[in-house]
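Let's take a walk through this protein together, going from one local feature to the next. Keep the viewer open so that you can follow along.

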Amino acid sequence: MTLLIGDIHGCYAELLDLIAAAGIGDHDDILAVGDLLDRGPEGPQVFEFFHSRPLTFSIMGNHERKHLRSARGELSPAPSQRITKKQLGDRYADWLAFVATLPRHCEFPDALVVHGFWEPGVPLAQQRDNVVIGAMSGEKYLEKRYGSPWYQHYDGPKKLIVGHHDYCRNGQPLVFQDRVYGIDTGCVYGGRLTGLLLPEWRFVSVPARADHWAATRREYPEIFPTGRGE
């Protein structure tokens with residue numbers, strides 16, 4: 001059995017709640033769709049879990065990509081990356097090394113998994129990084145080129161599982177025409193953490209324990225003097 005997990009964003013308590021609710025044992029696989037850290041309170045614990053537990057994997061999300069790019073000096077770190085760096089302390093270099101190993105997609109017999117989006121008419125190997133990983137530039141590119149939501153144009157060879165956006169904003173995952181499954185349900189903002197069990201294609205979900213991003217902003221007044229921001 002494999003449990004696919006939507007955007008965790010440092011919500012370790014909810015991660016453990018979801019694993020328990022799904023009945024995952026030591027011999028079951030766990031795959032995250034990316035955005036493991038940033039914004040939540042327990043990034044170090046989430047990192048340690050994915051770094052050390054056997055049969056536990058992740059693909060790269062846009063937040064992992066931001067950490068790598070800011071470490072290379074390609075962009076300035078966003079506030080959430082600055083907070084994660086403070087949370088991890090001496091382990092930040094280990095986090096960067098771990099993130100650098102993450103693939104941009106995963107494939108199952110009946111499903112593809114990417115963090116972000118999909119461009120129609122483009123084979124998986126030729127998809128743009130900023131599209132499948134979910135960068136803002138990739139989203140703007142798709143909006144400009146296709147107008148309507150990207151998932152309405154999905155034409156891949158298998159069902160597609162993504163994270164990145166809480167599309168429904170009501171605690172429920174997106175299911176579009178039984179072809180696209182969006183499993184980010186906004187846990188770090190006080191929503192829910194959602195998983196998808198394969199090969200059953202069964203959803204499992206647990207409520208967030210708090211609006212963690214609001215609380216995290218208040219804890220770092222040197223970054224958010226008013227407790228507000230992104």
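**Aromatic pairs, helices and a buried arginine**

At 10% relative accessibility, Tyr-154 falls below the 20% cut-off, so this residue counts as buried. Keep in mind as you look around that this is a predicted model.

The structure holds 12 aromatic pairs. In one of them, the ring centres of Trp-118 and Tyr-154 are 5.3 Å apart and the ring planes meet at 75°; since angles over 60 degrees count that way, the pair is edge-to-face. Trp-118 belongs to the loop between strand S5 (111-113) and helix H6 (129-132), while Tyr-154 belongs to the loop between helix H7 (136-146) and strand S6 (159-162), so the pair ties together parts that are 36 residues apart in sequence. Trp-118 counts as buried too, because its relative accessibility is 2%.

Phe-117, Trp-150, Tyr-151, Tyr-167 and Phe-176 form one aromatic cluster. Two arginines also sit over rings: the charged end of Arg-128 lies 3.9 Å from the ring centre of Tyr-141, and Arg-39 is placed over the face of Trp-213, at 5.7 Å from the ring centre.

Now turn to the helices. How do H3 and H4 pack? Helix H3 (residues 62-71) and helix H4 (residues 79-88) have their axes 10 Å apart and cross at an angle of about 75°, and they are therefore roughly perpendicular to each other. H3 brings His-63, Lys-66 and His-67 to the contact, and H4 brings Ser-80, Gln-81 and Thr-84. By class, the residues of this contact comprise no nonpolar, five polar and one charged.

Helix H1 (residues 12-22) has Ala-13, Glu-14, Leu-15, Leu-18, Ile-19 and Ala-22 as buried residues. They pack against several elements, including strand S1 (2-5), strand S2 (29-32), helix H2 (43-52) and helix H8 (212-219). Just after H1 comes Gly-23, with a positive phi of about 70°.

Finally, look at the loop between H2 and strand S3 (56-58), where you will find Arg-53. Is this arginine buried or exposed? Its relative accessibility is 17%, so Arg-53 counts as buried. Beyond its neighbours within four places in sequence, Arg-53 is in contact with Ile-24, Gly-25, Asp-26, Asp-28, Ile-30 and Glu-48. Arg-53 and Ile-30 are 23 residues apart along the chain, and their C-alpha atoms are separated by 9.4 Å.

Note on methods: Residues numbered from 1 in each chain as written. Predicted model: local features only at pLDDT ≥ 70, side-chain atom pairs only at ≥ 80, totals over all residues. Heavy atoms only, no water. Phe/Tyr/Trp six-rings, centres within 6.5 Å; stacked < 30°, edge-to-face > 60°. Helix = DSSP H or I, 4+ residues; strand = E, 2+ residues; numbered from the N terminus. Buried < 20%, exposed > 50% of the residue type's maximum accessible area, 1.4 Å probe, protein only. Lys NZ or Arg CZ within 6 Å of the ring centre and 35° of its normal. Axes fitted to C-alpha atoms, helices over the stretch in contact; angles between N-to-C directions. Parallel < 35°, antiparallel > 145°, perpendicular 65-115°, else oblique. Contact = heavy atoms within 4.5 Å. Nonpolar A, V, L, I, M, F, W, Y, C, P; charged D, E, K, R; others polar.
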